[in-house]
Amino acid sequence: MLKILFSPAEGKKIGGDEDKKELFGSNSAREGILNEYNTIVNSGNNDAIKELFGFKKFSDCEAYICDIFNSPLMCAIERYNGVAYEYLDFDSLQTEAKEYLKSNTIIFSNLYGAILGGDTIANYKVKQGNNVGSFIPDKFYKDRFSYQLELYLANCEILDLRAGYYDKFYEVKKPYTTLKFLKEGKTVSHWAKAYRGLVLKAVAQNEINSISEFMSLEIDGLSVAEIKVIKNRTEIVYNITNL
């Protein structure tokens, strides 16, 4: 089975009508950091809230001020709406592709840590790189969840589509595959997010179950330029052909 590691997004959709469920790695393992987040968000300390969220104006914070334990829930793969998720376009997918994403995508949240695409989460805001009170999210979740992730992924192949920052949450020790996107010989940043979303969409639509199947997958706008193997990491370098 193939598992895809993916990044979250700063933007989120509001609302949700999913039931509460046990998150990957257990809810109790997150209790401390979630309690601290909830305390700050509902403290009435505008400066602390703005700092946590990464906003300059308090009016921008208001959509995220809630009791996270009693808020509407949405599947993680649906909650985020940044560039990669816009190009994934979850709502346009067939039911089978949606279920594939819920089961086989692992998203590294700045608040919840490693969660499955189908795990149900509240609307929240933690600016990438910020602490949650006394908690340093990447260090906390790396220490707490790395062993569980290793067990979970032991018999799986891994396609790592995360932005580099999220390596801090979990370092893959077994062989895995990453992607790099070039335009006219130069690495792209904004469009890398878009193509990660498009790659994830193609993987889900074709219900890809192995790296060998992925290597045979034709993705519109991309052509393989080079494949590099560095220790346990295989990097597929793509040329973007339609920008």
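Let's start with Leu200. This residue is buried, and its relative accessible area is 0%. That value comes from a predicted model, as does everything I show today. Why does Leu200 count as buried? Because buried means under 20% relative accessible area, and Leu200 has 0%.

Where does Leu200 sit? It is part of helix 7. What does it touch? Set aside neighbours within four places in sequence, and Leu200 is in contact with Ile4, Phe6, Ile77, Leu88, Leu101, Thr105 and Leu161. Now look at Tyr85. Tyr85 and Leu200 are 115 residues apart along the chain, yet their C-alpha atoms are separated by 9.4 Å.

Stay with helix 7. It runs over residues 190-205, so count 16 residues. From first C-alpha to last, helix 7 reaches 23 Å, close to the 22 Å expected at 1.5 Å a residue. Which of its residues are buried? The list includes Ala192, Ala194, Tyr195, Arg196 and Gly197. Further along helix 7, Val199, Leu200, Lys201, Ala202, Val203 and Ala204 are buried too. Keep the general rule in mind: an α-helix has 3.6 residues a turn, so residues three or four places apart point the same way.

What follows helix 7? Glu207 does, with a positive phi near 45°. Most residues other than glycine have a negative phi. Glu207 is a residue other than glycine, and its phi is positive. It lies in the loop between helix 7 and helix 8, residues 211-215.

Lys231 has a phi near 55°, and Lys231 is not a glycine either. Find it in the loop between strand 9, residues 222-230, and strand 10, residues 233-240. Lys231 counts as exposed, because its relative accessibility is 83% and the cut-off for exposed is over 50%.

Next, a strand. Thr177 is in strand 7, which covers residues 176-183. Thr177 is buried, at a relative accessible area of 5%. What does it touch? Not counting residues up to four places away in sequence, the partners of Thr177 are Ile158, Leu159, Asp160, Ile211, Thr234 and Ile236.

Now Phe55. It sits in the loop between helix 2, residues 46-53, and strand 2, residues 74-75. Phe55 is partly exposed, with a relative accessible area of 23%. Beyond its neighbours within four places in sequence, Phe55 is in contact with Lys50, Asp60, Cys61, Tyr64 and Lys125. How far apart are the C-alpha atoms of Phe55 and Met215? They are separated by 41 Å, and the two residues are 160 apart along the chain.

Let's step back to the whole protein. How many helices and strands does it have? Eight helices and 10 strands. Its C-alpha atoms fill a box of roughly 55 × 40 × 35 Å along the principal axes. Its radius of gyration is 18 Å, which agrees with the value near 18 Å for a compact globule of 243 residues. Buried residues make up 50% of those 243.

Contacts, then. Take those with a separation of 6 or more: residues 24 or more positions apart account for 69% of them.

Last, surface and charge. The protein exposes about 11,700 Å², and carbon and sulfur atoms supply 46% of that. There are 30 positive and 33 negative charges, and their mean positions are 6 Å apart.

Key: Residues numbered from 1 in each chain as written. Predicted model: local features only at pLDDT ≥ 70, side-chain atom pairs only at ≥ 80, totals over all residues. Heavy atoms only, no water. Helix = DSSP H or I, 4+ residues; strand = E, 2+ residues; numbered from the N terminus. Rg over C-alpha atoms; globule rule 2.2 N^0.38 Å. Buried < 20%, exposed > 50% of the residue type's maximum accessible area, 1.4 Å probe, protein only. Contact = heavy atoms within 4.5 Å. Areas by Shrake-Rupley, 256 points an atom, 1.4 Å probe, with all protein chains shown as cover. Lys, Arg positive; Asp, Glu negative; His and termini not counted. Charge placed at Lys NZ, Arg CZ, Asp CG, Glu CD. Expected span 1.5 Å × (residues − 1).
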